[in-house]
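I opened my notebook to record a walk through one model. I wanted strands, ring pairs, salt bridges and a surface patch.

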Amino acid sequence: MRLPLNLLALTLSILPSTLAVFADEAYSIDYQHELLGLPQPHTTFFHRPRSDEKATLLYTLSDLGVLGAVHPGTGKVVWRQILDGEGYLRAVEGEGTLVSGTGKNVQAWDAMSGRGKWGNCFTGQVKDIEVMETAAVGEGEKDILALFEEDRKAVLRRLKGATGDVKWEYRGTTEDLPFQVSTNVKDIFVVSLHGARGGYNLKVSILDPVTGKKVNEYTLTAKGDVHAPEDVLLVGANSAAPIIAWTDKTMKNLKVNILGKSGSLQTLPLKESDGEIVKVTIHAPELVQSMPHFLVHSQSAVSNRADVYHIDLATGNINKEYELPKLPGKGAVSTSSQDANVYFTRTTQDEVIIVSSASHGILGRWPVKVGKHHGSFVHGVAEVVQKSTDSYAVRSAILMSEEDWVMVRNGAEAWTRVEGLSGAVAAEWAEIPESESLAKTLEAEAHSNPLSAYIHRCKRHINDLHNLPGYLQELPFRIISSILSTDVTSHKPDGLVRDNFGFHKLAIVATQRGRVYGLDSGNQGVVVWSLKAFHISAGKKWDVKGIWVDSSNGIATIRGADGEYILVQTLTGKADEKMDPGDWPPVQSAAVVGSPAGPWILPIGLDGNPGDIPAEWTPKEYLVVQGKNGEVKGLKFDIQGPLAVPITAWTFQPPVGQKIAKVISRPAHDPVASIGRVLPDRTVMYKYLNPNLVLVTAISETAASATFYLLDSVSGDVLHSTTHEGVDTTQPITSAISENWFVYSLWSDILPTTSGLPASKGYQLVVTELYESDVPNDRGPLGSSSNSSSVEPSDVANAEPALPHIISQTFLIPESISHMSVTQTRQGITVRQLLCTLTSSNSIVGIPRTILNPSRPVGRDPTPAEAEEGLFRYQPVIEFDPKMILTHRREVIGVRDVITTPALLESTSLVFAYGIDVFGTRVAPSAAFDILGKSFNKMSLVATVTALGIGVAVLAPMVRKKQINGRMMTA
């Protein structure tokens with residue numbers, strides 16, 4: 001058997017491992033959810049990217065800080081940019097420019113291509129931006145107003161629209177909370193919250209737009225009503241009469257002030273219907289030429305209504321013009337403008353209507369045809385087009401309560417974007433569970449005597465005959481799919497079923513907003529189900545510490561940082577059990593452990609103490625946790641009566657000045673197909689295969705160094721350590737470990753004191769292999785032992801641990817790596833592939849293990865014997881060949897992690913990346929040696945076999961007759 005295994009290993013080593021997929025499978029076996037995040041009501045709008053064209057694009061700056069343009073006809077992303085978090089976005093009317101303000105940055109973008117025009121960084125935090133609707137004399141582009149908070153004071157800067165340079169700057173003199181900037185035809189208004197949190201007055205500073213000097217200032221009394229910035233409903237902008245509005249604390253009256261009129265504070269009563277009002281929103285146009293009208297949308301728990309108000313520019317009075325009737329359920333209202341005309345689009349659970357702000361007459365009405373699974377309408381933006389004198393059309397991009405972004409065109413659903421899937425923080429693979437009745441039947445047969453089991457199985461097979469008609473109906477589809485090289489998917493009415501290759505698996509994804517999704521990896525990542533697990537308050541994120549999937553029972557357990565957990569059925573998404581945040585102590589991390597009662601997910605407390613647990617749930621393995629001071633500890637459990645008590649077995653604390661940045665261990669599924677590596681002279685270097693390896697990354701910001709410690713998780717012994725100096729600790733430092741090797745990447749500089757081997761500056765990838773001995777064919781000090789212990793490695797008391805032999809090599813790479821993972825296959829025979837997430841290019845690259853072999857000959861070409869073992873000359877630089885890019889031309893942004901799982905085919909590993917985007921594919925690091933590609937001409941094969949069969953059938957009688965005639969003649 002030795003020769004076939006050697007031949008198999010040789011064949012796998014020389015296969016073109018850079019070809020991760022067949023060429024004709026690109027964009028077929030992989031999939032991507034190209035996401036933006038949830039659109040925000042104040043940063044989402046339609047806009048013409050070219051003033052001389054009528055076509056518009058849909059723009060948004062999402063809650064994840066992603067600025068993007070979406071084609072309103074198809075729902076596809078046109079372009080995206082990642083910014084510094086949530087912020088502000090404005091379109092320059094009549095120009096193809098967008099202006100964003102996030103963090104400390106103000107940037108201008110080309111609305112068609114998404115390319116940056118200019119950008120400025122300031123010391124304060126951006127609080128608002130606005131566009132001056134009139135361009136300065138002699139300048140073709142409109143200027144930008146940017147409001148900042150610096151040293152608890154308001155700072156307003158007017159920036160040139162063409163370059164972003166500062167024209168003038170206004171600085172407030174009192175410590176107020178800057179809130180918003182607004183303009184009308186002749187003045188600039190800076191609105192600030194004056195006072196302390198818990199009660200604010202509204203201060204309005206009036207500035208001269210040419211010089212930036214303060215002209216006037218007044219304060220509106222609102223301390224009893226405004227307790228936070230969210231309590232101010234609207235500060236209008238770029239209109240003939242911008243207003244500021246808020247409600248009283250009982251939500252019974254609306255208070256409105258026309259900016260610039262200090263004595264014009266008017267109170268408008270809010271009409272209740274079906275209970276107390278729970279939410280009030282105000283919608284107003286933002287064009288100077290638009291009529292000064294606005295709409296007040298009031299919602300109770302069960303219904304919603306709207307009132308339209310007009311502002312008299314001559315007297316400053318605000319009068320109610322008309323009202324829209326109360327309708328059941330929740331609804332969304334949006335505003336659109338055409339020249340002076342203002343249109344309000346009202347979308348409810350039953351209908352979509354368009355009204356003009358001038359009168360209550362309905363201009364258009366359509367029934368709503370939107371799937372109920374999207375939930376209720378939350379907020380949206382609309383674009384109204386007047387086709388003729390009395391004919392209108394409208395399309396609205398509406399965010400739903402189930403966090404889907406839906407385009408509603410004349411009442412009908414046009415497309416849907418699952419934006420709630422963005423911002424994923426954790427994911428795990430889940431097998432599609434088998435039929436529960438079949439599993440129970442097989443379990444019953446396994447525990448019965450052979451005769452009764454055989455009789456029971458025969459009866460079961462007879463009962464299964466009622467499925468024969470359905471199987472026969474599906475059989476032609478399966479045959480055609482096989483011949484045409486398409487993926488075989490089940491058309492059974494009961495939903496998901498397993499496939500023969502193991503490609504159909506579920507990816508369970510948890511997002512920062514408290515939602516859980518189930519995706520089918522074998523069907524282009526389609527969303528099978530979604531569930532709102534927990535309500536996460538605005539400004540907070542769901543911190544998921546671990547997901548464990550019990551595939552045999554089809555249950556996923558998700559644990560959060562605040563002690564919450566939920567049990568979800570992987571097939572349907574229904575919640576079986578749930579505990580809300582705060583009902584359990586906070587959790588630092590979670591680990592899947594094995595126990596006599598079976599595997600389960602163990603929560604670890606904030607100080608690294610999991611606490612006492614029932615004895616039947618005692619973990620079989622040692623646990624590695626981080627203590628409250630950042631140290632790494634090894635825990636074992638001691639059974640004391642009905643409980644198992646955690647006991648600290650060892651503690652690892654890095655030297656003073658270093659802090660632990662990351663701790664990783666070998667994957668739970670990490671099979672080893674060969675215990676050694678064959679050398680060119682046919683000797684063997686035996687691998688150091690310790691299942692208890694832990695790699696600790698420690699950094700020192702003051703010394704600009706990074707140290708990597710390889711620990712034994714049972715004894716706590718340091719098996720190996722290495723230190724890099726001149727490291728930029730602000731750059732990503734990531735690592736991965738598998739089998740008998742580990743790898744890490746960092747950015748390192750050349751120090752003046754560097755001595756010894758030549759150093760290199762740039763992004764580095766370091767790979768290290770571990771062997772039992774530096775002598776070939778030697779198993780090391782434990783070679784003759786039938787078993788060994790990490791605590792007592794030899795018969796000599798207090799002996800030093802058996803240290804592995806180290807072979808290491810460094811490569812230079814063109815850009816930083818934010819995350820690493822390793823492919824997994826069923827038996828571990830296939831060569832592993834290192835999956836790296838590239839920060840700059842927003843892509844995922846698969847580096848074959850053969851390239852990362854530290855035994856590659858340095859400074860010379862390999863000998864024929866070395867080439868036979870797959871070795872080739874060492875090159876210090878790894879160029880990321882386009883064939884190695886798993887994402888192809890796609891940009892996958894915001895990747896937080898990459899997880900892998902084996903398919904049933906040994907050649908194939910499934911890959912799933914999540915973060916802002918979601919991406920999935922399957923790779924074959926040693927090529928797909930156990931499955932035919934789509935390029936294989938199965939039709940020719942079938943035709944050839946058929947022709948041969950027909951030929952045999954035709955020629956057989958002729959041959960038989962000739963043989964009989966020959967025998968008769970010889971006789």
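My entries follow, grouped by topic.

**Ground rules.** I am working with a predicted model, where local features need pLDDT of at least 70, side-chain atom pairs count only at pLDDT 80 or more, and totals for chains, interfaces and linings use all residues. I number residues from 1 along each chain as its sequence is written, and side-chain values use heavy atoms, with hydrogens and water left out.

**Strand 31.** I began with strand 31, residues 391-400. Helices (H or I, at least four residues) and strands (E, at least two) are DSSP runs, numbered from the N terminus. How enclosed is strand 31? Eight of its ten residues are buried, so the rest of the structure largely encloses it. For burial I use relative accessible area: buried is under 20%, exposed is over 50%, and partly exposed is in between (1.4 Å probe, protein chains only).

Next I looked up the partners of strand 31. Two strands pair if DSSP finds at least two bridges between them. Strand 30 (residues 377-388) runs antiparallel to strand 31, with ten bridges joining them. Ala 382 stands opposite Ser 396 there.

I then traced four strands in the order 34-35-36-37, an open sheet with antiparallel pairing. Which strands are at the edges? They are strand 34 (424-431) and strand 37 (526-532), each pairing on one side only. On average, neighbouring strands here are turned by 20 degrees against each other, direction ignored. Axes are lines fitted to C-alpha atoms, for helices over the stretch in contact; angles run from 0 to 180 degrees between N-to-C directions. I counted six bridges between strand 36 (residues 515-520) and strand 37, which run antiparallel. Leu 519 has Val 527 of strand 37 as its bridge partner.

**Ring pairs.** I searched the whole structure and got 15 aromatic pairs. Rings of Phe, Tyr and Trp (its six-membered ring) pair if their centres lie within 6.5 Å; planes under 30 degrees apart are stacked, over 60 edge-to-face, and the rest tilted. Phe 294 and Tyr 309 are stacked, at 5.4 Å centre to centre and 15 degrees between the planes. Phe 294 sits in strand 23 (residues 293-299) and Tyr 309 in strand 24 (residues 303-311), 15 residues apart. Both are buried. Phe 501 and Phe 503 have ring centres 5.6 Å apart and planes at 50 degrees, so I logged the pair as tilted. Phe 501 is partly exposed at 37% relative accessible area, whereas Phe 503 is buried at 7%. I also noted a cluster of Phe 45, Tyr 59 and Trp 79, linked by ring pairs.

**Salt bridges.** My rule is a side-chain nitrogen of Lys or Arg within 4 Å of a carboxyl oxygen of Asp or Glu. The count comes to 42 salt bridges. Arg 80 forms one with Asp 917, closest N and O atoms 2.7 Å apart. Arg 80 is in strand 5 (residues 77-82), Asp 917 in the loop between strand 62 (909-915) and strand 63 (918-923), 837 residues apart. Both residues are buried.

Glu 150 took two entries. Glu 150 is buried, at 8% relative accessible area. Arg 157 is buried too, but Arg 171 is partly exposed at 41%. Lastly, I logged a salt-bridge network of Lys 271, Arg 305, Asp 307, Lys 320 and Glu 323.

**Surface patch.** Ile 462, Leu 465, Leu 468, Tyr 471 and Leu 472 form a nonpolar patch with about 510 Å² of accessible area together. Patches take residues with over 30% relative accessible area and no salt bridge, joining like charges within 9 Å and nonpolar side chains (Val, Leu, Ile, Met, Phe, Trp, Tyr) within 5 Å. Areas are from the Shrake-Rupley method with a 1.4 Å probe; for residues, only the protein chains shown count as cover. Helix 4 (residues 468-483) gives the largest share, three residues. I placed Leu 465 in the loop between helix 3 (450-463) and helix 4. Leu 465 is exposed, at 52% relative accessibility.
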